[in-house]
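Grab a pencil and have the viewer open. Here are some exercises, each with a solution you can follow step by step.

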Amino acid sequence: MKVHEIRQSFLDYFRARGHTIVESAPVVPQGDPTLLFTNSGMNQFKDVFLGTGQRPYRRAADTQKCIRAGGKHNDLEEVGKDGYHQTFFEMLGNWSFGDYFKAESIEWAWDLLTREWGVDRDRLWVTVHTSDDEARELWPKISGLPRARVLTFGDKDNFWEMGETGPCGPCTEIHIDRGAGHGPDTGVNSGSERFIELWNLVFIQYERRADRSLAPLPERHVDTGMGLERIAQVLQGVYSNYDTDVFAPLVQAVAARSGTRYDQGPSGTPHRAIADHLRALAFSIADGAMPGRTGRGYVLRRILRRASRFFHKLGTNEPALKDLVPALVDTMGGAFPELGAQRDLIARVLEDEEAQFLRTLDRGVAYFEKERARLAEQGTRTFPGQVVHYLFDTLGFPPDLTAQMAEEAAYKVDLEGFERLREEEREKNRAKGGFKVDLSKYKHAPVTAFTGYEHVAGEGRTVAADAHELVLDATPFYAESGGQVGDTGRIVTLDGAHELEVHDTRKSGQVVVHVGEWLLGDPTKLAPGTPVMAAVDKARRDALRRNHTGTHLLHWALHQVVGKGAVQKGSEVGATRLRFDFAHDKAVGPDELLELERLVNQRIVENHAVSTAEMPLEEARERGAIAMFGEKYGERVRVIDIAGFSCELCGGTHVGRTGDIGAFKIVQEAAVQGGVRRIVALTGGEAVARSHQDSLLLARLTQELKAKPEELLERVHKLQEELKELARKHKAAMRQAAPTWEALAAEAEDVGGVKLVAREVPGDADALRALGDACKARPEPWVGFFVAQGDEGKVPVVCAVSAPLVARGWHSRDLLKPVAALLGGGGGGKPELSSGSGRDAAKIPDALAEARRVVAAKAGA
């Protein structure tokens with residue numbers, strides 16, 4: 001059977017049994033902010049199951065477009081490497097809303113598979129939930145399967161829940177043994193590719209209450225789902241989903257476009273990945289989603305760039321995804337007419353996005369090769385983290401591609417340095433809120449026990465979980481407060497079913513909320529009381545300890561150098577740096593900064609003990625403890641005391657001895673606002689690395705400028721004066737070399753009764769404006785376009801319009817904009833004179849041709 005026949009057969013089967021055939025919902029969810037993409041057939045019926053919506057029918061069936069680009073079984077980086085990972089797939093499903101239940105569901109599923117489609121019953125296995133005696137009895141009775149092939153499993157495999165509370169119920173699954181060619185016989189639910197799930201039948205019959213008890217629902221529902229590509233692979237007798245007739249034309253189109261042969265093995269990974277990614281992109285664009293920088297758009301851009309990289313790997317160096325759209329429309333447009341209706345939009349978006357990425361790719365490769373040559377001259381074989389970060393952050397070059405290219409060239413990549421720089425970015429962006437989290441919903445949760453002063457890992461139990469949050473009864477994770485950022489790390493349930501990558505830790509009153517991304521498991525199915533192991537990123541925590549104690553030492557040193565009036569006005573203790581704001585009405589001078597560094601490093605070398613103690617607030621004040629700016633304190637407080645010279649109220653994490661800080665270096669001093677200054681400093685390895693950089697820079701400067709360190713400042717001042725003089729002479733020479741207005745006017749052409757001068761001339765923006773002034777002063781209809789190759793890659797451009805044309809409604813800005821746009825820039829100005837600049841000097845001939853076209857169009861020539 002062909003895929004279109006399987007799809008239609010499924011719908012016809014259930015139509016004959018009283019089901020209303022509904023259209024697939026868009027892959028962009030409507031009215032459900034919890035989802036980036038529609039990822040299952042039940043999404044469009046969620047309101048029915050929750051009791052907040054109704055339908056005019058009680059039985060339904062459809063084929064649903066789904067996208068899964070993350071999660072346990074949908075790792076984007078795995079797509080293409082095997083025969084079953086996909087980002088886009090169709091899910092066949094049938095539903096009962098308070099109508100039929102288990103017997104009919106099981107009977108129809110078995111009948112369709114074995115009688116209608118002829119699947120060998122001897123290859124089929126069934127699983128049921130341990131509590132579902134009804135389903136366990138129905139299967140042998142309806143199917144004739146021996147009881148040995150009806151297996152029982154627990155909640156992890158055979159119980160479905162929509163959320164922490166709400167509709168839920170057991171499910172029964174039909175699995176198929178694909179034979180020895182797909183791996184050893186390790187059994188159902190073993191993770192083997194040999195046994196795969198074909199159809200999942202969910203029986204929604206309970207309501208999960210807040211106390212975790214189950215109550216029967218007044219109406220029972222059925223929700224089933226079966227992957228179309230998976231059942232097609234079985235019915236067509238092919239090895240993988242990518243060999244089915246819904247994928248094969250796309251895979252062959254990739255091979256034809258790239259001039260390569262497709263192979264079912266590893267060398268076919270690019271073909272499979274591109275075919276899959278094209279489907280996800282095309283359906284998303286057709287349904288209204290576009291590649292972008294955040295959220296859903298970022299996922300699509302990542303998918304597109306991965307596909308484009310694979311095409312590049314196959315030797316195709318120009319936009320090629322658009323050329324596959326006809327094959328996709330031919331294959332799937334019959335079932336999904338939106339593909340044909342939006343084919344031009346899909347092709348245009350794919351071409352524009354891929355062209356943009358390929359420019360990025362070319363720039364990235366050029367920069368990579370430049371850096372490789374530089375490293376070869378220096379005799380080093382490791383790309384620094386700064387280079388990887390620049391390629392990623394500025395040029396959009398994926399770090400995994402940098403690492404791959406480096407490996408091919410027998411180089412290494414400092415990914416730790418790259419991640420350090422990324423962490424700095426995350427800390428800067430943390431306040432912007434990477435995830436929208438409503439902390440107020442946890443205000444009535446039990447108080448969290450904090451164990452992080454003594455431990456960086458420990459067991460706890462779940463209290464509440466949501467799309468990006470997890471609350472535990474006890475945690476070693478420090479929540480952002482007192483200027484110290486929240487901890488990061490991982491939390492894993494002891495059964496391994498759920499894993500949260502913690503990006504931040506925040507507080508709602510006395511409740512600690514772990515915020516991040518779920519790498520495994522559905523948080524809505526995570527039961528309260530589930531045991532977990534919570535592990536803080538220890539290296540990052542150690543860096544936070546160093547920086548926090550370093551902040552206390554800096555505060556003390558400021559009182560010694562600047563005075564007691566330098567009271568704290570704010571702070572931020574991050575993993576890569578510390579920032580301290582204090583009251584002061586003028587800049588801290590270089591000599592004072594040096595003394596601050598010396599005092600702090602002296603205390604570090606002395607290796608004083610850092611002691612902590614809890615005591616009543618009044619007692620702490622009597623001991624002279626300094627309160628942290630902006631913090632509120634209870635009756636009992638935590639005091640951090642360093643050998644008696646520094647004593648502050650503080651709930652943050654600290655080193656055991658000052659020597660653990662290692663080193664301290666100030667890197668910035670600046671004003672925040674009137675009367676408030678800011679110092680930024682580094683500690684530990686970051687401080688040492690910065691000192692090494694400064695020493696290396698000083699050594700290179702003395703070598704390049706042929707001056708002793710103490711002579712460098714004077715030498716720099718002299719060079720600055722020389723540069724100013726050279727710039728003045730260059731400007732004068734350029735003006736002298738520029739043609740006169742008279743010479744340019746003699747070359748003017750007549751365009752529809754308008755005299756036009758459009759020329760590239762040597763000079764700067766001032767020289768172009770001088771020519772523009774001469775042009776606009778003409779008493780006849782004149783237009784002048786003047787462009788030059790300026791400094792630092794800039795391309796200045798000026799457009800002038802004489803008074804007779806201005807009187808007729810002409811505006812120089814309207815003429816300039818399309819010309820400047822070709823140069824990669826823009827501009828504006830008054831009706832008689834506008835100026836702007838671009839960045840692409842190679843487009844100057846095209847821009848001058850565009851100038852003539854614009855004037856001709858305006859003049860009606």
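This is a predicted model: local features need pLDDT of at least 70, side-chain atom pairs count only at pLDDT 80 or more; totals for chains, interfaces and linings use all residues.

Residues are numbered from 1 along each chain as its sequence is written, and side-chain values use heavy atoms, with hydrogens and water left out.

**Exercise 1. Check the span of helix H9 and look at what follows the helix.**

Step 1: Helices (H or I, at least four residues) and strands (E, at least two) are DSSP runs, numbered from the N terminus. H9 covers residues 295-313, 19 residues in all.
Step 2: The expected span is 1.5 Å times one less than the number of residues, so H9 should span 27 Å.
Step 3: The end C-alpha atoms of H9 are 27 Å apart, which agrees.
Step 4: After H9 comes Gly315, with a positive phi near 95°.

**Exercise 2. Describe how H1 packs against H6.**

Step 1: Two packed helices are described by the angle between their axes and the distance between the axes. Axes here are lines fitted to C-alpha atoms, for helices over the stretch in contact, and angles run from 0 to 180 degrees between N-to-C directions.
Step 2: Helix H1 (residues 3-15) and helix H6 (residues 228-236) have axes that come within 10 Å and cross at roughly 115°. That makes H1 roughly perpendicular to H6 (under 35 degrees is roughly parallel, over 145 roughly antiparallel, 65 to 115 roughly perpendicular, the rest oblique).
Step 3: Contact means heavy atoms within 4.5 Å. From H1, Val3, Ile6 and Arg7 meet Leu228, Ile231, Ala232, Leu235 and Gln236 of H6.
Step 4: Sorted by class, the residues of this H1 and H6 contact are six nonpolar, one polar and one charged (Ala, Val, Leu, Ile, Met, Phe, Trp, Tyr, Cys and Pro count as nonpolar, Asp, Glu, Lys and Arg as charged, and the others, Gly among them, as polar).

**Exercise 3. Now do likewise for H7 and H8.**

Step 1: The axes of helix H7 (residues 248-258) and helix H8 (residues 269-286) come within 8 Å, crossing at roughly 115°. H7 and H8 are therefore roughly perpendicular.
Step 2: This crossing of H7 and H8 is right-handed.
Step 3: Leu250, Val251, Val254, Ala255 and Ser258 of H7 touch His271, Ile274, Ala275, Leu278 and Arg279 of H8. The H7 and H8 contact has seven nonpolar, two polar and one charged residues.

**Exercise 4. Trace the six-stranded sheet.**

Step 1: This open sheet runs S27-S28-S29-S30-S32-S31, with mixed pairing.
Step 2: Its edge strands are S27 (749-751) and S31 (826-829).
Step 3: S30 (residues 795-801) and S32 (residues 833-838) run antiparallel, joined by six bridges.

Methods:
Two strands pair if DSSP finds at least two bridges between them. A crossing is left-handed if the near helix is turned anticlockwise from the far one by less than a right angle, and right-handed if clockwise.
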